[in-house]
Amino acid sequence: MPKIAPRLVSGMLSLGRLRRRFADTPHAADVEALQRGLVGNVTTEMDLRVGDLADLARPYPELRAALEHVRPGELHRLRELPGGPAFVDALATFLARFGMRGQAEIDIGRPRWADDPGLLLTSIRGMAAHGDAHGQHRKHFANLQAEAKAAGGRLVAAAPALARWIVRRQVQCVRHCLGVREHPKFLFIQCFELVRSNVLAAADALVHAGRLAARGDVWFLTYDELLELAADPDAFDPRPRIIARRADYDHSRHLSPPLVVTSEGEVPARPVPKDLPEGAIAGLGASAGVVEGIAHVVLDPAAQVLRAGEILVAPYTDPGWTPLFVHAAGLVCDVGGMMTHGSVIAREYGIPAVVGVGDGTKRLKSGQRLRVDGSRGIVEVLAEAAP
């Protein structure tokens, strides 16, 4: 971890310096292209492996159909289907490395892919059913890396002779350092999984002792309360506290907090571009480029499948969402900044992205035709959804 922060800072500083050096020149786009197909991004590695799993399932319609109905502990049943043994073995290898990941994984109480592979299999099934030819995801990534390498060469060649060595160094820092941005989160989630497994083991013991109605109730106890009950299950009855806290949770989860609140309690208005087209939505341009496509509003990545060429409209994204990026032509997020997960992955995949739009998932509807301008931070509705 101590070596990750300096590398990330070095990559970000180098990117900023290259942007300033080549601002308002024909090579400004080459600077942005450097962020595509970064070296060493662990989340991109995970995405590519998900694509490999989809490739294994794609030739077998019966196997693809079965992925929709797999329940925890039933993966062995897939071995009975054509293509099943190879798929199950590859999935086991994938879960051994990435099984602690999942949707909203920063919440230690949320299920992981290892707990319920169905959260992952939905994405694999969609990719296999609507995806490209075998290995196309890896060819696409290789193309992005080749484009970035070519862009770096053009930047070095365009620099004055005496400055080429520093430009070459800055290009290398961007390519080899920005990818580590995902590593701290990857390590944190591994640590969370160690804590989580121990908490659930204590929860199972309390369920057996009759102090908890279900193991999931343990997430409504404080750490000190859990330690007290683990030492003495009869120390107190946790159920009234759990009922009250669950009610508070159910109420709070439907609230829509503002994007920013100052220390004085004020909610500042977001800046709106002066040239904002009528009816358009303004946000932060997080990945340059312009794309038009059909919107697909996704609130739960485990329950919906993105078709190739659609624009993903989401409240936020985290690594549990990244399998959807394989098909996305663009990204619109309610929340986010330049270094949040969706922005980083969108730049690496080379798809336009606008984040921090506030209420995009409420204002936009699946089926609408959108124009996403990731350079200006603008989302326009070009046509309404077909009835």
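Which residues lie nearest the centre of the largest pocket? I began my notes on this predicted model with that question, and I found that Arg253, Leu255, Pro257, Pro315 and Tyr316 lie nearest the centre, out of 33 residues that line the pocket.

**Entry on the largest pocket.** I looked up the volume and found about 1100 Å³ of space in the largest pocket. I then asked which elements give two or more residues to its lining, and these are helix H12, residues 341-349, and helix H13, residues 360-363. Sorting the lining by class, I noted 14 nonpolar, 10 polar and 9 charged residues.

**Entry on the second largest pocket.** For the second largest pocket I noted about 520 Å³ of space. It is lined by 21 residues, and the closest to its centre are Ile108, Gly109, Val218, Trp219 and Phe220. Helix H9 (183-208), helix H10 (223-231) and helix H11 (239-252) are the elements that give two or more residues to this lining. By class I recorded 13 nonpolar, 4 polar and 4 charged residues for the lining of this second pocket.

**Entry on Glu105 and its partners.** I turned next to charged pairs, bearing in mind that side chains of opposite charge can pair when their charged atoms come close. A search of the whole structure gave 20 salt bridges, and I followed a few of them by residue. Arg101 and Glu105 form one, with their closest N and O atoms 2.6 Å apart. Is Arg101 buried or exposed? I noted that Arg101 counts as buried, because its relative accessibility is 0%, and that Glu105 is buried too, with a relative accessible area of 0%.

Glu105 also meets Lys185 in a salt bridge, at 3.3 Å from N to O. I checked where the two residues sit: Glu105 is in the loop between helix H5 (84-98) and helix H6 (118-130), while Lys185 is in helix H9, so this pair ties together parts that are 80 residues apart in sequence. Lys185 itself is partly exposed, with a relative accessible area of 22%.

**Entry on Arg376 and Asp373.** I then looked at the salt bridge between Arg376 and Asp373, where the closest N and O atoms are 3.7 Å apart. For Arg376 I wrote down a relative accessible area of 40%, which means that it is partly exposed, whereas Asp373 is buried at 9%. I also found a network in which salt bridges that share partners join Glu292, Arg369, Arg371 and Glu380.

**Entry on a surface patch.** Which residues make the nonpolar surface patch of about 300 Å²? I found that Met12, Leu284, Met338 and Met339 make it. Of these I followed Met12, which lies in helix H1, residues 4-21, and which is partly exposed, with a relative accessible area of 38%.

**Entry on Asp234.** Last, I looked up Asp234, which is found in the loop between H10 and H11. Asp234 counts as exposed, because its relative accessibility is 61% and the cut-off for exposed is over 50%. How many residues separate Asp234 and Lys274 in sequence? I noted that they are 40 residues apart in sequence and 64 Å apart in space, taken from C-alpha to C-alpha.

Conventions:
Residues are numbered from 1 along each chain as its sequence is written. This is a predicted model: local features need pLDDT of at least 70, side-chain atom pairs count only at pLDDT 80 or more; totals for chains, interfaces and linings use all residues. Side-chain values use heavy atoms; hydrogens and water are left out. Patches are made of residues with over 30% relative accessible area and no salt bridge: like charges are joined within 9 Å, nonpolar side chains (Val, Leu, Ile, Met, Phe, Trp, Tyr) within 5 Å. Accessible areas come from the Shrake-Rupley method with a 1.4 Å probe; for residues, only the protein chains shown count as cover. A salt bridge is a side-chain nitrogen of Lys or Arg within 4 Å of a carboxyl oxygen of Asp or Glu. Helices (H or I, at least four residues) and strands (E, at least two) are DSSP runs, numbered from the N terminus. Buried means under 20% relative accessible area, exposed over 50%, partly exposed in between (1.4 Å probe, protein chains only). On a 1 Å grid over the protein atoms alone, a cavity is a set of points where a 1.4 Å probe fits but cannot get out, and a pocket is an open set with protein on both sides within 12 Å along at least five of seven lines; lining residues have an atom within 4 Å of a point. Grid points are joined across faces, edges and corners, and a volume is the space filled by probe spheres set on the points. Ala, Val, Leu, Ile, Met, Phe, Trp, Tyr, Cys and Pro count as nonpolar, Asp, Glu, Lys and Arg as charged, and the others, Gly among them, as polar.
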